[in-house]
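Here are my notes on the model, point by point. Please read them with the coordinates open.

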Amino acid sequence: MLIRNAELDFGERVDLRIEDAHIAAIDHVLRATAGEIVIDAAACALLPGLNDHHLHLAALAAAQVSVQCGPPQVHSAEELGAALRKAAAHSEAGWIRGVGYHESVAGEIDRDWLDRIVDARPLRIQHRSGRLWILNTAALAEIGAFDARASPLQRSADRISGRLYDADAWLRSRLRSQRPNLQHLSRQLASYGVVGVTDTSHDNDLEALRYFADAQASGELLQDVFAMGNASLDQIGNVGTVLRGPHKFHLHEHELPPFEPLCAMIRASHGVGRAVAFHCVSRTELVFALAALREAGAQAGDRIEHSGVTPPEALQQMAELGVTVVTQPSFIAERGDAYLQEVDADDVAWLYRLQSFDAAGVALAGSTDAPYASADPWAAMQAAVTRRTPSGQLLGVAEALRPERAFALFSGAAQTPAAPRRIAVGAVADLCLLDRPWRQARDDLAAVRVRLTLRRGQTIFSVAIPS
Ligand SMILES: [Zn+2]
């Protein structure tokens with residue numbers, strides 16, 4: 001394949017030849033060989049294909065066929081009731097699944113609240129945090145909750161409330177459900193220029209990695225996958241084409257794990273050459289994770305996911321430990337107004353920092369955390385540039401990045417996410433061609449559309465391109 005007249009490195013225009021999954025030549029003028037596919041880039045920007053360094057594939061695929069139960073689509077109890085009733089009326093029999101719930105909609109709702117909306121169909125809705133499911137009575141009956149001996153279901157006055165915390169694996173086992181098909185989702189990601197993803201689900205195990213590998217083998221899933229997961233993966237390497245990633249610890253400040261056993265698990269993963277990653281959205285979670293890494297020792301590839309609140313003293317420690325932060329700029333654009341209301345005033349300046357990591361010498365990469373924010377990495381990049389909340393307020397504008405730096409958050413390889421890849425002869429042909437030159441793209445990255453996405457030289461997305 002020959003790509004003609006492409007804008008490279010945010011400026012120079014070149015022709016570029018792809019052979020056998022690699023970039024074979026870059027020059028000012030390359031002549032097409034007989035039978036070669038020629039694409040006219042029309043002076044639009046050609047960039048490294050994107051990696052989304054933190055998302056959840058199965059949850060994202062499931063969310064796409066779910067009712068949105070929180071902002072920005074739903075803001076009140078009335079709107080939520082209407083959305084769920086509509087879903088019940090417009091779908092076949094069986095489960096109704098909601099996602100994105102937040103207390104600002106209708107408070108700490110339970111099974112009785114849901115029963116008043118939908119009582120004849122099993123209904124479950126997930127909290128925006130991903131940690132809580134709320135089930136109606138029909139759903140509880142469907143999963144056998146009333147017979148289950150040792151269930152993680154919360155009870156109040158010995159009655160099951162329908163609220164279920166941190167129990168995805170248990171719920172999945174009770175549902176006996178198939179994991180969702182990834183076909184549609186994968187093509188959507190390809191349309192954004194995404195060639196690889198890091199699935200950061202902390203309960204990923206051998207079965208989950210097989211699910212990804214099978215989806216790749218069948219052509220359902222077009223992206224490379226780097227998969228984090230639980231301790232069981234210490235003893236399991238890569239699975240098919242899926243690369244085994246770090247041991248993920250899902251810290252929660254109200255129930256932090258015992259410190260010494262945590263350090264032992266870090267050492268065990270490091271001992272088999274596996275990095276570790278910590279979910280840290282609060283200041284407490286970050287302080288705890290950094291203490292554990294200091295005690296157990298940090299290794300190349302160790303990561304802090306989110307780093308939602310990063311006080312100045314933590315920046316220094318993170319630089320010393322050599323950890324990589326994988327952040328989500330979209331949370332400011334999607335949840336910034338709620339943060340301004342809910343987050344401790346002392347912490348607001350330290351929310352989802354960007355520029356300060358660069359200044360402190362902390363390795364930084366970007367991601368969407370879809371489905372917990374939009375899966376569109378271009379929206380995330382623009383959020384890193386503008387730092388605007390949904391209502392348009394600026395939040396931590398000193399943390400804003402230049403557009404080129406915002407793009408680089410998504411251009412590292414999965415295993416070295418903070419090191420931007422370059423388009424060069426000999427490199428793997430993971431590329432995306434934009435619909436405009438960079439000088440236009442940088443004015444509003446959220447408006448960018450991708451015309452062509454190549455993974456290892458193979459087209460995984462294209463819009464009609466004149467040749
Ligand atoms: Zn996540």
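1. Domain bounds here come from an automatic or database domain assignment. That assignment divides the chain into domain 1 (1–49 + 421–467), domain 2 (50–57 + 180–420) and domain 3 (66–175). The centres of domain 1 and domain 3, taken over C-alpha atoms, are 46 Å apart.

2. This is a predicted model: local features need pLDDT of at least 70, side-chain atom pairs count only at pLDDT 80 or more, and totals for chains, interfaces and linings use all residues. Residues are numbered from 1 along each chain as its sequence is written.

3. Helices (H or I, at least four residues) and strands (E, at least two) are DSSP runs, numbered from the N terminus. Two strands pair if DSSP finds at least two bridges between them. An open sheet of eight strands has the order β6-β13-β14-β15-β16-β17-β18-β19, with parallel pairing. β6 (50–55) and β19 (363–366) are at the edges with a single partner strand each, so one side of each has no neighbour in the sheet.

4. Strand β18 (residues 324–327) runs parallel to β19, joined by four bridges. Valine 325 has leucine 364 of β19 as its bridge partner.

5. Which residues touch the most other members of the largest nonpolar core? They are Leu46, Phe212, Ala289, Met381 and Leu433, in a core of 137 residues. Such a core is a set of buried Ala, Val, Leu, Ile, Met, Phe, Trp, Tyr and Cys residues joined through C-beta atoms within 7 Å. Buried means that 20 or more other C-beta atoms lie within 10 Å of a residue's own, with C-beta atoms placed from the backbone.

Technical notes: A residue is buried if 20 or more other C-beta atoms lie within 10 Å of its own, exposed if 12 or fewer, and partly exposed in between; C-beta atoms are placed from the backbone.
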